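Let's walk through this one together, from the whole chain down to a single residue. Have the structure open as you read.

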Amino acid sequence: MRYFITGTAGFIGFHLARRLLAEGHEVVGFDGLTPYYNVKLKEMRHAALTQYPAFRPVIAMLEDRASLEAALGECKPDVLIHLAAQAGVRYSLENPGSYLSSNIAGSWNIIELAERFKVKHLMIASTSSVYGANESIPFRETDKADEPLTIYAATKKSMELIAHCHAHLHKLPTTAFRFFTVYGPWGRPDMAYFKFADRILDGQPIEIYGEGQMSRDFTYIDDLVESIIRLSAVIPGEANRVADPSVETLSHQAPFRVVNIGGGQPESLMDFVETVEKALGRRAIRQLLPMQKGDVPRTYAAPDLLRALTGYVPQTRLAEGVQAFVDWYREARSEIRGG
Ligand SMILES: NC(=O)c1ccc[n+]([C@@H]2O[C@H](COP(=O)([O-])OP(=O)(O)OC[C@H]3O[C@@H](n4cnc5c(N)ncnc54)[C@H](O)[C@@H]3O)[C@@H](O)[C@H]2O)c1
């Protein structure tokens with residue numbers, strides 16, 4: 001199969017591309033290597049992918065429509081998986097414009113060109129942040145998600161709506177995934193687990209927001225990749241409608257579906273800190289801080305639709321996943337920091 005993946009120098013795109021390449025597929029990886037976090041780490045990820053002859057990197061921005069069109073025209077992919085985005089909840093308070101540009105204008109180029117090049121399945125990455133401060137837990141795809149608390153969430157929800165409309169107008173099969181706090185080796189330095197590990201290793205205090213009372217549904221990267229690969233074979237349409245109508249989100253107007261990818265096992269931030277401490281074999285200096293603007297108190301996925309569609313739900317235990325991250329980071333830290 002031929003895959004076109006955006007965001008391959010990023011955390012999730014890298015892992016997905018590596019798995020597909022190892023299975024013998026062809027992958028074109030499109031990424032603008034944005035400076036949102038350490039570009040050295042992004043280059044290291046692409047360098048690791050380039051060891052596979054079937055990988056072709058294209059370094060350009062989503063907003064550069066001519067480059068995107070040329071790359072897609074040359075690749076003619078079966079499946080297009082759109083992961084590139086301006087991610088991160090906190091940074092959207094500082095620089096909201098970059099979210100509008102990457103996640104709306106950039107995603108629009110992807111959505112429109114996916115139809116032009118007749119991909120069989122377009123898959124786009126959204127986020128659990130679209131549920132905002134919903135109080136009904138766990139978060140179900142059928143719940144209202146109309147009260148986002150950050151520009152990040154608002155741009156992702158907008159992308160979902162634009163993709164739905166486009167799928168209706170052009171009958172382009174589209175799956176939007178909502179990811180729940182993904183972690184693991186080669187992870188993102190702006191995320192809490194990465195910052196905690198860094199600061200604990202440096203003997204610096206760690207900042208714990210929401211006084212440690214917030215909880216997150218953590219998803220281990222290999223489980224996320226497994227879920228995406230299984231979902232790629234489940235093309236939205238009547239033929240793939242799930243038997244239980246109470247969990248199905250297949251649109252009545254379009255071959256479009258929203259799916260949560262999370263394990264449905266939220267952990268409190270305090271327990272999470274203890275898990276990181278155990279994996280590192282060091283105690284953290286804790287600095288408890290109130291919740292920040294835009295923080296949501298908890299994320300908690302209902303994984304029933306994912307299970308119904310793929311027979312699978314994320315299952316790696318937190319201690320095991322955090323240990324894998326820590327083992328990788330101890331090895332890679334000096335190279336990443338040297339960049
Ligand atoms: N990691 C998580 O916990 C999580 C949770 C929910 C949703 N997501 C979503 O999953 C996707 C992948 O996330 P990630 O954790 O791998 O993030 P990441 O920041 O590591 O990767 C994103 C990649 O996209 C590239 N990029 C950003 N804007 C671009 C643009 N305009 N043009 C071209 N390239 C651009 C960046 O250079 C980066 O390599 C994103 O859409 C993100 O919003 C991630």
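Two residues count as being in contact if their C-beta atoms, placed from the backbone, lie within 7 Å. Helices (H or I, at least four residues) and strands (E, at least two) are DSSP runs, numbered from the N terminus. Keep in mind that this is a predicted model: local features need pLDDT of at least 70, side-chain atom pairs count only at pLDDT 80 or more, and totals for chains, interfaces and linings use all residues. Residue numbers start from 1 along each chain as its sequence is written.

The chain holds 11 helices and 13 strands. Its C-alpha atoms fill a box of roughly 55 × 45 × 35 Å along the principal axes. Of the contacts between residues at least 6 apart in sequence, 82% join residues at least 24 apart.

Now look at helix α6, residues 151-170. Its end C-alpha atoms sit 28 Å apart, which agrees with the 28 Å that its 20 residues should span (1.5 Å times one less than the number of residues). Among its buried residues are Y152, K156, M159 and H166; buried takes 20 or more other C-beta atoms within 10 Å of a residue's own, with C-beta atoms placed from the backbone. The cover over α6's buried residues includes α4, α5, β5, β6 and β11. Just after α6, K171 takes a positive phi of about 55°.

Finally, find E141 in the loop between β5 and α6. E141 is buried because 20 other C-beta atoms lie within 10 Å. Leaving out residues up to four places away in sequence, E141 touches T249, V258, V259, N260 and L305.

Technical notes
A residue is buried if 20 or more other C-beta atoms lie within 10 Å of its own, exposed if 12 or fewer, and partly exposed in between; C-beta atoms are placed from the backbone.
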